[in-house]
Amino acid sequence: DTMRRVVRQSKFRHVFGQAVKNDQCYDDIRVSRVTWDSSFCAVNPRFVAIIVDASGGGAFLVLPLHKTGRIDKSYPTVCGHTGPVLDIDWCPHNDHVIASGSEDCTVMVWQIPENGLTLSLTEPVVVLEGHSKRVGIVAWHPTARNVLLSAGCDNAIIIWNVGTGEALINLDDMHVDMIYNVSWNRNGSLICTASKDKKVRVIDPRKQEIVAEKEKTHEGARPMRAIFLADGNIFTTGFSRMSERQLALWNPKNMEEPIALHEMDTSNGVLLPFYDPDTNIIYLCGKGDSSIRYFEITDESPYVHYLNTFSSKEPQRGMGFMPKRGLDVNKCEIARFFKLHERKCEPIIMTVPRKSDLFQDDLYPDTAGPEAALEAEEWFEGKNADPLLISLKHGYIPGKNRDLKVVKKNILDNKPAGNKKSDLINAPKKAADASNSQNDAKLDEILKELKSIKDTISNQDERISKLEQQMAKIAD
């Protein structure tokens, strides 16, 4: 009640949500029915990606944002996994690159063509193999190019250099139980994790050490979530011992007591938090709920201020959250969700009501742009950098994305050099060997096919010349 009683000045008090009209939804989509608490949907300024049901493997749809309406059953999918896809994440530095984690224990990284798919995509740019159980979480580094984190049911977190296809950091002894989620902080120097053992851990991945942890963050047994906020604090959702849903705010420098702890309701859906660092608003979307609640985080008590709830009739199966540069700044849109129903995806637009048509710079401070602040190697060497910001004053104009190139290091060529960087960080390196032999096999296949085509052509040539001779005889 105290959350609701306090009337305070905030430009976000009247934020309202609105579902788009029916013809702007994506219809007839068989949303995945896998029992896994990920959001099943990932969006960026160009595409919406949705994990779908697929027979005999795992697949997800990638639709250009404008491709609304009914989606044909034969619409091409991204379908290279041999088991169901559990999580997908768009690269923040390239709107055509997406990573997927699957029950088949692999992570795959895909390059989506400029205008979307015309044929189903079965060949990833790179396959990352290192987990021994299904991979339920993939998350790109916020500021370093080609750095990708994956977490599996083997309780291991692996950080990959996608540009070389190598696992460079393997944190396989920090979690004794299932990892529910992993979140990078603003500059990607730390990660925080929520785990089934009810602990929230703050980890420095390059030093491979736990910097802070809190036991029994939430007392209840149901899944938790923990995310970093822009100021370095941690926001968690979970359940009380009485199975009430809770949210809490923590300072990682002192995790003894939460800065704030609020009980919400007794629904049993996991609360997925979506955070906007520019406005400091957190949106909570419960799996199976039909509402989105949103809160503003400030540095005055009670710290987590309830703003409002967007309610609809249909429960949500999953949710995508558009990055700020994909929003319509002329309409004072501060967030856009892509809500998954059983058979469709419905965009929901969050707006601050303003009378003026001018650009509202208080709603749109400079936001993280698509340029990476660091290269992968610099980050692995220990450098940190905040996101490179861009202004949205004239809207976001997408630039040309470079293709993702993976340069596999050939392990046979590695002369034992003294104190090489990749030797400092122990990591599984068999992936490159496997891919080299795969490449050789492919090459053989292509050469065989070429030879058979050539043979066919020469046979047909002979046949044509014979027929020509016969025709000449008849003509004579």
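Two strands are taken to pair if DSSP finds at least two bridges between them. In this predicted model, strand E12 (residues 135-140) and strand E13 (residues 147-152) pair in the antiparallel sense over five bridges. The two strands form a hairpin with six residues between them. In the turn, asparagine 146 has a positive phi of about 65°. Strand E12 is mostly covered, with six of its six residues buried.

The structure holds 13 aromatic pairs. One of the pairs is formed by phenylalanine 47 and tryptophan 90, whose rings are stacked, with 5.6 Å centre to centre and 15° between the planes. Phenylalanine 47 belongs to strand E4 (residues 47-52) and tryptophan 90 to strand E8 (residues 85-90), so the pair ties together parts that are 43 residues apart in sequence. Phenylalanine 47 and tryptophan 90 are both buried. Elsewhere, ring pairs link Phe274, Tyr283, Tyr294, Phe321 and Phe337 into a cluster.

Rings also take part in arrangements with charged side chains. The charged end of lysine 287 sits over the ring of phenylalanine 40, at 3.9 Å from the ring centre. Likewise, the charged end of arginine 222 is placed over the ring of phenylalanine 239, and here the distance to the ring centre is 5.3 Å.

Threonine 217 lies in the loop between strand E19 (209-214) and strand E20 (225-228). Its relative accessibility is 6%, and because residues under 20% are classed as buried, threonine 217 counts as buried. When residues up to four places away in sequence are not counted, threonine 217 touches Lys198, Lys199, Val200, Met224, Thr236 and Trp250. The side chain of threonine 217 also reaches the backbone oxygen of lysine 214, at 3.2 Å. Methionine 255 is 38 residues from threonine 217 along the chain, and the C-alpha atoms of these two residues are separated by 9.1 Å.

A further segment is annotated in a database record. An unreviewed UniProt entry places the feature "coiled-coil region" at residues 443-470. In the model, the chain over residues 443-470 is 100% helix and 0% strand. The C-alpha atoms at the ends of this segment are 41 Å apart.

Note on methods
Residues numbered from 1 in each chain as written. Predicted model: local features only at pLDDT ≥ 70, side-chain atom pairs only at ≥ 80, totals over all residues. Heavy atoms only, no water. UniProt positions renumbered as here; feature names shortened; annotations may be inferred. Helix = DSSP H or I, 4+ residues; strand = E, 2+ residues; numbered from the N terminus. Phe/Tyr/Trp six-rings, centres within 6.5 Å; stacked < 30°, edge-to-face > 60°. Buried < 20%, exposed > 50% of the residue type's maximum accessible area, 1.4 Å probe, protein only. Lys NZ or Arg CZ within 6 Å of the ring centre and 35° of its normal. Contact = heavy atoms within 4.5 Å. Polar contact = N/O pair within 3.5 Å; in protein donor to acceptor, adjacent residues only side chain to side chain.
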